[in-house]
Amino acid sequence: HICKMTVEVERKFVCDAEVMGRLKDIGAKCIGQRQFQDKYFDSPDFILTLQDFWLRCREGLWEMKCPAVLGSKPVNETETLCTRYIEITSFPLVQSEVSRIIKEHTAEGSESNSSQREQIDKVRENEDTDSCPAGDKKWLTDLNLVCFAEFKTERCSYIMEREEGTVRVDLDKADFDYCVGEIEVLVPEGGEINAAVQRITKIAAELGLSCEKKVQGKMDVYLQRYRPDHYTKLLSAHIL
Ligand code: V4E
């Protein structure tokens with residue numbers, strides 16, 4: 001690859017007043033607050049997300065998160081709380097990967113019939129991709145991609161410096177009134193993913209989160225509330 005790929009290892013948590021207090025106690029430094037808007041895209045029959053690919057435009061910047069299946073299987077209950085995704089942030093690479101996935105799927109399936117085509121056209125009528133550059137719309141249309149989720153997030157970011165490296169904590173509040181925390185480590189290409197999982201697990205323990213169940217992310221809650229059909233399909237496919 002010409003392009004470096006980063007693996008994002010992440011654990012979500014419920015952020016209450018107690019956790020907020022602990023953040024200060026364990027030496028978390030606030031590095032800033034910002035607001036951003038995300039738009040997520042998929043085909044009307046969810047080709048991307050049903051394979052766990054998450055294509056989004058955040059404030060005009062394209063990104064795709066892809067399942068990181070190789071090299072790091074969770075070995076216990078705690079480790080399953082951490083997700084691992086490859087992040088593609090180069091726009092040409094995002095386009096070529098999305099195109100490959102869509103075309104592979106379309107080649108596998110039966111020929112597109114007219115009712116499918118009608119369904120696609122209907123979703124397109126409601127499409128809104130305004131905050132992303134106008135020139136970018138054509139590649140979306142060509143691949144039949146439509147926006148299925150759109151929301152704003154208010155984020156406070158913290159970092160914790162440890163001997164093993166830096167860990168980041170984000171506290172997010174989405175505009176549909178959902179709050180969630182994330183402990184995150186970015187692993188550069190070729191880096192140790194399991195070491196990142198261990199660093200996250202250690203910080204989680206310092207925050208007093210050791211015996212927590214899987215916490216819903218912003219997307220889980222958004223789809224459950226506003227796109228129940230999509231949500232059900234992702235649950236059935238064990239993606240969420
Ligand atoms: C829904 C989803 C993904 C989209 C991005 O989700 P997330 O990383 O939570 O968003 P955000 O805003 O924190 O992005 P960041 O700023 O960190 O880049 S990626 C994977 N999923 C599926 C998914 C999952 N595997 N597990 C859970 C609990 N929720 C969603």
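Let's start with β5. That strand gives the most to the lining of the largest pocket, with five residues. Keep in mind that this is a predicted model.

Now the pocket itself. The largest pocket holds about 1300 Å³ of space. Its lining takes in 49 residues. Closest to the pocket centre are Glu8, Glu10, Lys12, Thr83 and Tyr85. By class, the lining has 22 charged, 20 nonpolar and seven polar residues.

So what sits in there? The ligand sits in the largest pocket. Which elements give two or more residues to the shell around the ligand? There are the strands β1 (6-13), β3 (54-58), β5 (82-88) and β8 (178-187), plus the helix α6 (218-226). β5 is on that list, and β5 also leads in the pocket lining.

Next, the shell by residue. There are 21 residues around the ligand. Those that come nearest are Lys12, Arg56, Lys65, Glu182 and Lys218. By class, the shell has 13 charged, seven nonpolar and one polar residue.

On to the contacts. For Arg56, a polar side-chain atom lies 2.8 Å from a ligand oxygen. Arg58 also has a side-chain N or O atom 2.8 Å from an oxygen of the ligand.

Last, burial. Taken alone, the ligand exposes 650 Å². The protein buries 92% of that.

Key
Residues numbered from 1 in each chain as written. Predicted model: local features only at pLDDT ≥ 70, side-chain atom pairs only at ≥ 80, totals over all residues. Heavy atoms only, no water. Near = heavy atom within 4 Å. Polar contact = N/O pair within 3.5 Å; in protein donor to acceptor, adjacent residues only side chain to side chain. Areas by Shrake-Rupley, 256 points an atom, 1.4 Å probe, with all protein chains shown as cover. 1 Å grid on protein atoms, 1.4 Å probe; cavity = no way out; pocket = protein on both sides within 12 Å on 5 of 7 lines; lining within 4 Å. Sits in = over half its atoms within 2 Å of the grid points. Helix = DSSP H or I, 4+ residues; strand = E, 2+ residues; numbered from the N terminus. Nonpolar A, V, L, I, M, F, W, Y, C, P; charged D, E, K, R; others polar. Points joined across faces, edges and corners; volume = space filled by probe spheres on them.
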